[in-house]
Amino acid sequence: MAPRTEQTAYDTMPTNNNNDSRRNSLAADDNGILIENVYTSDKQRDPLVEVPGMDDIPEDEIFSFRKLWSFTGPGFLMSIAYLDPGNLESDIQAGATGGYSLLWVLLWSTVIGLWLQFLASRLGVVTGKHLAVHCREYYPVVPRILLWIMTELAIIGSDIQEVIGTAIAISILSRGAIPLWAGVLITAADTFTFLLLENYGIRKLEAFFCALITVMAVSFGVEYIIAKPDQLQVLRGVVEPYVNHSNLAEAVGILGAVVMPHNIYLHSALVQSRKIDRSSDIQVRTANKYFNIESSIALFISFVINLFVVAVFGTGFLGETIGLSTAADFLGTKYGEVARYIWAIGLLAAGQCSTMTGTYSGQFVMEGFLDLKIKPWKRLLITRCSAIVPAIVVAILSNTHLDSLDEWLNVLQSVQLPFAVLPVLYFTSRSEVMGEKFKNHWLNNIVVRLLSLIIIAINIYLIVIFATQISTSGWMIAVMIIGFLFYFSFIIYLALGVENSNRIAKRIKSIFSSSSSSNQQYENERLIINTQ
């Protein structure tokens with residue numbers, strides 16, 4: 001046996017074509033993750049989850065609850081990113097600004113997110129490698145490093161929201177005895193305790209986070225019952241598309257809050273925790289089916305929880321200036337102290353569980369892009385320090401800036417989204433990566449490309465709106481133009497792929513070279529004529 005490694009429970013993943021039984025105990029795959037039982041104690045088990053009945057799947061089998069239960073876990077961990085404090089901030093703003101009218105935006109943002117998670121899940125299941133590893137192996141150094149930086153920025157931004165949200169909850173539950181800055185420090189430290197949960201295995205870790213999702217569902221569900229929204233108006237808001245100029249910014253901001261770029265990287269790695277034979281098409285197809293079902297259930301639950309929050313603030317606080325830092329005060333004033341503390345419990349659960357998924361995302365992204373193995377506590381220390389500094393600065397200077405910071409961070413998430421969507425679309429469309437049987441259908445590619453264009457258009461709107469809020473001077477316009485130039489150049493590069501981009505670059509270079517040669521020849525001819 002190889003020595004014990006410093007990996008998280010989700011680090012030990014199967015490789016592509018794992019029909020060789022020795023790969024699960026002795027081999028190391030080409031993304032640097034050791035494929036073995038990392039637990040040396042006889043009391044602890046193989047971290048890869050066994051799925052019953054996978055070796056002999058009946059051809060006429062349509063559905064099995066037993067298999068679904070075995071595949072349940074990764075999708076719920078993925079769904080936590082749809083319930084983090086940043087999403088709650090967006091839900092509050094949407095409800096207070098538009099009432100129930102933006103619920104349809106929340107629904108379709110969740111559907112878009114689900115579609116993208118399907119792609120990420122399928123990439124991990126079929127190839128045995130997560131998205132960051134594919135990026136490292138395919139892209140040259142410069143675009144690879146740029147992708148890594150963009151994804152790390154998204155992770156750090158999400159981490160700041162999680163730290164601030166948890167600190168607010170701690171302050172509320174302590175009746176103000178623990179100030180916000182102290183709550184930030186407590187939040188930064190308590191995440192290390194979650195690393196201890198990994199010693200109990202993947203399934204128990206998944207169950208713990210599912211329990212936290214249940215706490216959120218109960219807490220915000222009770223708030224929904226207390227608020228007593230008009231059920232017909234809520235249903236109308238879900239199915240009837242409506243937006244006006246006053247809540248347009250909140251509408252487009254929902255997408256940035258709901259669909260997070262690093263979550264696509266995360267999901268492609270989490271699905272590799274189940275033991276399947278990738279040389280068997282039926283096993284791969286079965287895994288894809290049950291992971292899709294599980295993801296659909298998980299994101300449906302996340303949608304319902306987000307709907308609860310939007311409806312609560314759309315019912316009692318329409319037209320109010322309200323955010324995550326003041327939501328509990330508004331609830332306490334209108335519905336009593338019980339509503340205030342129930343909200344804080346739900347917020348605490350949201351912040352705590354999302355911190356660990358952020359840690360997993362950061363670890364997979366760093367290891368995948370850089371081929372760098374780092375101990376979980378070191379990775380956590382790096383991300384926590386990156387989040388603590390701005391969070392403490394804002395907490396000390398003024399509590400009123402917290403909501404503005406959350407809004408900016410949601411914009412950051414939206415801006416980074418194409419840097420996850422385009423790579424996962426590109427890889428899942430390539431037969432040399434996915435095989436002919438599992439690559440995207442052409443219709444799927446068209447739909448995702450249209451979604452990418454919508455996301456990019458939303459990003460342009462968000463950047464312009466938020467930039468003009470800072471300044472409309474000439475220097476700001478110049479910075480925006482230069483930024484857009486680099487932003488769209490990189491997006492076009494990712495959309496075309498390395499080969500097509502290089503081909504176009506060579507063609508452009510040859511055109512300029514040909515033009516330069518023609519000009520030089522013309523000058524030589526003129527020189528000869530003048531000499532004569």
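The dialogue below treats these topics in that order.

Mentor: Please keep in mind that this is a predicted model. We shall begin with the nonpolar core.

Trainee: Which residues touch the most other members of the largest nonpolar core?

Mentor: A core is a set of buried nonpolar residues joined through side-chain atoms within 4.5 Å. Here the largest one holds 129 residues, and those touching the most other members are Tyr139, Leu147, Met216, Ile264, Tyr265, Phe313 and Trp343. Helix α12, residues 281–316, provides the largest share of this core with 15 residues.

Trainee: With which residues is leucine 147 in contact, leaving aside its neighbours within four places in sequence?

Mentor: Its contacts are Cys135, Tyr139, Tyr265, Phe369, Phe419, Pro423, Phe490 and Leu494.

Trainee: Let us turn to the cavities. How many cavities of 30 Å³ or more are there?

Mentor: A cavity is a space where a 1.4 Å probe fits but cannot get out. The count in this model is 2 cavities of 30 Å³ or more, and the largest cavity has about 50 Å³ of space.

Trainee: Which residues line the largest cavity?

Mentor: The lining consists of Ala81, Ser158, Glu162, His262, Asn263, Ser354, Thr357, Gly358 and Ser361. By class, 1 is nonpolar, 7 are polar and 1 is charged. Helices α6 (141–173), α11 (261–270) and α14 (337–370) each supply at least two residues of this lining, and α14 gives the most, with 4 residues.

Trainee: How many aromatic pairs does a search of the whole structure find?

Mentor: Two rings pair if their centres lie within 6.5 Å. The search finds 24 aromatic pairs. In one of them, tyrosine 138 and tyrosine 426 are tilted, at 5.3 Å centre to centre with 35° between the planes. This pair links distant parts of the chain: tyrosine 138 is in helix α5 (residues 131–138) and tyrosine 426 in helix α17 (residues 418–428), 288 residues apart.

Trainee: Are tyrosine 138 and tyrosine 426 buried or exposed?

Mentor: Both are buried. Another tilted pair is formed by tyrosine 265 and phenylalanine 369, at 5.7 Å centre to centre and 50° between the planes.

Trainee: Which parts does the pair of tyrosine 265 and phenylalanine 369 tie together?

Mentor: Tyrosine 265 lies in helix α11 and phenylalanine 369 in helix α14, so the pair ties together parts 104 residues apart in sequence.

Trainee: Why does tyrosine 265 count as buried?

Mentor: Buried means under 20% relative accessible area. Tyrosine 265 counts as buried because its relative accessibility is 2%. Phenylalanine 369 also counts as buried, at 2% relative accessibility.

Note on methods: Residues numbered from 1 in each chain as written. Predicted model: local features only at pLDDT ≥ 70, side-chain atom pairs only at ≥ 80, totals over all residues. Heavy atoms only, no water. Buried < 20%, exposed > 50% of the residue type's maximum accessible area, 1.4 Å probe, protein only. Contact = heavy atoms within 4.5 Å. 1 Å grid on protein atoms, 1.4 Å probe; cavity = no way out; pocket = protein on both sides within 12 Å on 5 of 7 lines; lining within 4 Å. Points joined across faces, edges and corners; volume = space filled by probe spheres on them. Nonpolar A, V, L, I, M, F, W, Y, C, P; charged D, E, K, R; others polar. Phe/Tyr/Trp six-rings, centres within 6.5 Å; stacked < 30°, edge-to-face > 60°.
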